[in-house]
Amino acid sequence: MSTPRRKLVERASPFVLMAIIALLWELVCRVFEVSEFVFPAPSAIWARLVEFHTVIAAHAWRTFWVTMVGFALAIVVGVLLGFIIGSSRLAYTAMYPLMTAFNALPKAAFVPILVVWFGIGVGPAVLTAFLISFFPITVNIATGLATLEPELEDVLRVLGAKRWDVLTKIGLPRSMPYFFASLKVAITLAFVGTTVSEMMAANEGIGYMLVSAGASMQMALAFAGLLVVGVMAMLMYELFSFIEKHTTGWAHRGSQAG
């Protein structure tokens, strides 16, 4: 298969797979006459998406910008912590176990506490998105710095480079593939955090809409909300993939050959 044709097939493959899944889903619901209140068909979900598009768009925008605020905070804190942990063996030994233990805690358990501190609304949602998404960024930045080849570092020091120069001019650029990989994971987690928080402590957003739709037995509308969250996460994932390919292409040349 020629290279242009192969690239076209690769780009179209996600859409083809989604179309196949939707078709099978629709057939199962129709053949077995599954009730819309139990498991709505894609056609029913699309109908609700069109019918309530204005309401869904308003809730989706709220979820999106809240997630972006929490995610931006996660990037800043994650990069700083990752730099500290990855640049110092003592910091790595002291902080990494504690961070691992913290990451194991269910973030939904923090929502009631955040509500007490900040009230119902934006605050808990932003902080939940931050708490659930900063860890992958921290770990990947720390890994990129901590795995810098000792031989390379020794050569640079012989040439007069200081520890700070090695970290900023060699370590950080080398960590960029790790950084973008963490962003693609963290953004999906950030949407999860925001949605969970909105389900428990908000009067706006997709999470709130999911609870309201479930309470009124509008399962197709609930699935429409889930679809919108998935699409937003997928678009952000593709955005970071695009930026990654145009900034760290040197790290992927070998895997893209052939």
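How much space lies in the second largest pocket?

**Before selecting anything**

The model is predicted: local features require pLDDT of at least 70, side-chain atom pairs count only at pLDDT 80 or more, and totals for chains, interfaces and linings use all residues. Residues are numbered from 1 along each chain as its sequence is written, and side-chain values use heavy atoms, with hydrogens and water left out.

**The whole chain**

Display the protein chain as a cartoon. Its secondary structure comes to 11 helices and 0 strands; these are DSSP runs numbered from the N terminus (helices H or I, at least four residues; strands E, at least two). The C-alpha trace spans about 75 × 60 × 30 Å along its principal axes. Of the 258 residues, 36% count as buried, where buried means under 20% relative accessible area, exposed over 50%, and partly exposed in between (1.4 Å probe, protein chains only). Among contacts with a separation of 6 or more, 73% come from residues 24 or more positions apart; contact means heavy atoms within 4.5 Å.

**The largest nonpolar core**

Next, select I56, F71, I137, L183, F191, I206 and V228, the residues with the most contacts inside the largest nonpolar core, which has 42 residues. Such a core is a set of buried Ala, Val, Leu, Ile, Met, Phe, Trp, Tyr and Cys residues joined through side-chain atoms within 4.5 Å. Two or more residues come from each of α2 (42–51), α3 (53–87), α5, α6 (122–146), α8, α9 (206–215) and α10 (219–247). The most come from α6, with 10 residues.

Centre the view on F191. Apart from neighbours within four places in sequence, F191 is in contact with T63, F64, T67, M68, V229, M232, A233 and M236.

**S175 in helix α8**

Move to S175, in helix α8 (residues 163–201). S175 has a relative accessible area of 0% and is therefore buried. Beyond its neighbours within four places in sequence, S175 is in contact with I141, G144 and L145.

Select α5 (residues 110–118), where F110, V111 and L114 are buried. Viewed down the axis of α5, the buried residues fall within an arc of 95°, so they line one face of the helix; the arc is that of the directions from the helix axis to the C-beta atoms. G119 follows α5 and has a positive phi, near 80°.

Then select α9, in which I206, G207, M209, L210 and A213 are buried. They cover an arc of only 160° around the axis, which puts them on the same side of α9. Just after α9, M217 has a positive phi of about 60°.

**The second largest pocket**

About 420 Å³ of space lies in this pocket. On a 1 Å grid over the protein atoms alone, a pocket is an open set of points with protein on both sides within 12 Å along at least five of seven lines, and lining residues have an atom within 4 Å of a point. Select M18, A22, W25, P42 and L227, which are the closest to its centre of the 13 lining residues. Two or more lining residues come from each of α1 (3–31), α2 and α10, and α10 gives the most, with 6 residues. By class, the lining has 12 nonpolar, 1 polar and no charged residues.

**V50 in helix α2**

Finish at V50, which lies in helix α2. Its relative accessibility is 46%, so V50 counts as partly exposed. The C-alpha atoms of V50 and I21 are separated by 21 Å, and the two residues are 29 residues apart along the chain.

Notes: 1 Å grid on protein atoms, 1.4 Å probe; cavity = no way out; pocket = protein on both sides within 12 Å on 5 of 7 lines; lining within 4 Å. Points joined across faces, edges and corners; volume = space filled by probe spheres on them. Nonpolar A, V, L, I, M, F, W, Y, C, P; charged D, E, K, R; others polar.
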